[in-house]
Amino acid sequence: MKIRSTRLRAPLAVLCCLSFMTATDATGGGDGAAVFSRWCAGCHSDTPFSPGTVALRATRGDAGAVIENRHDLTSDYVENIVRKGRAGMPSFRRTEISDDELGALAAYLSTREEAQP
Ligand code: HEC
């Protein structure tokens with residue numbers, strides 16, 4: 001029995017790695033815009049019904065309401081809020097948004113100004 005399970009272990013480990021790599025590729029790995037639409041757009045879209053946008057409009061005014069249009073967010077700030085959460089905003093774990101995805105997301109939100117001259 002012991003020999004059999006040892007022989008199974010290597011191919012299983014390879015299979016697990018392959019499926020993980022495929023899952024990472026499917027999200028684009030470093031596509032911050034895709035991470036945003038998957039995890040953030042539900043609350044931070046530019047609609048009168050998006051709770052994040054509504055809350056930020058109340059505290060930050062029209063210019064601060066839609067985070068995709070902001071030019072004042074640093075990547076450190078975004079990463080901190082995403083991992084820790086905030087009043088009315090949940091925190092996100094590494095099993096939901098990996099460190100790589102968070103890096104891409106923070107870069108996407110903090111470089112909007114440069115990306116749109
Ligand atoms: C369930 C709704 C919800 C989701 C999902 C959500 N947020 Fe938020 N977010 C909020 C709310 C509500 C606030 C306002 C909190 C407050 O008033 O302090 C907020 C605030 C923020 C702020 C602070 C902006 C500022 O001016 O200080 C940032 C940055 C932010 N969210 C980024 C994100 C990102 C990035 C994601 C996706 C990973 C995300 N949020 C997902 C609801 C959400």
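1. The model is predicted; local features need pLDDT of at least 70, side-chain atom pairs count only at pLDDT 80 or more, and totals for chains, interfaces and linings use all residues. Residues are numbered from 1 along each chain as its sequence is written.

2. The protein has 8 helices and 0 strands. Helices (H or I, at least four residues) and strands (E, at least two) are DSSP runs, numbered from the N terminus. Of its 117 residues, 16% count as buried (20 or more other C-beta atoms within 10 Å of the residue's own, with C-beta atoms placed from the backbone).

3. The ligand is surrounded by 24 residues (C-beta atom, placed from the backbone, within 6 Å of it). The closest are Cys40, Cys43, Gly52, Gly88 and Met89. α3 (41-44), α4 (51-60) and α6 (75-84) each supply at least two shell residues. α4 gives the largest share, 6 residues.

4. By class, the shell has 16 nonpolar, 6 polar and 2 charged residues. Ala, Val, Leu, Ile, Met, Phe, Trp, Tyr, Cys and Pro count as nonpolar, Asp, Glu, Lys and Arg as charged, and the others, Gly among them, as polar.

5. α6 packs on α7 (residues 99-110) at about 130 degrees, with axes 8 Å apart. Axes are lines fitted to C-alpha atoms, for helices over the stretch in contact, and angles run from 0 to 180 degrees between N-to-C directions.

6. Residues in the α6–α7 contact include Val78 and Val82 of α6 and Leu102 and Leu105 of α7 (C-beta atoms, placed from the backbone, within 7 Å). This contact has 7 nonpolar, 2 polar and 1 charged residues.

Note on methods: Buried ≥ 20, exposed ≤ 12 C-beta atoms within 10 Å, placed from the backbone. Contact = placed C-beta atoms within 7 Å.
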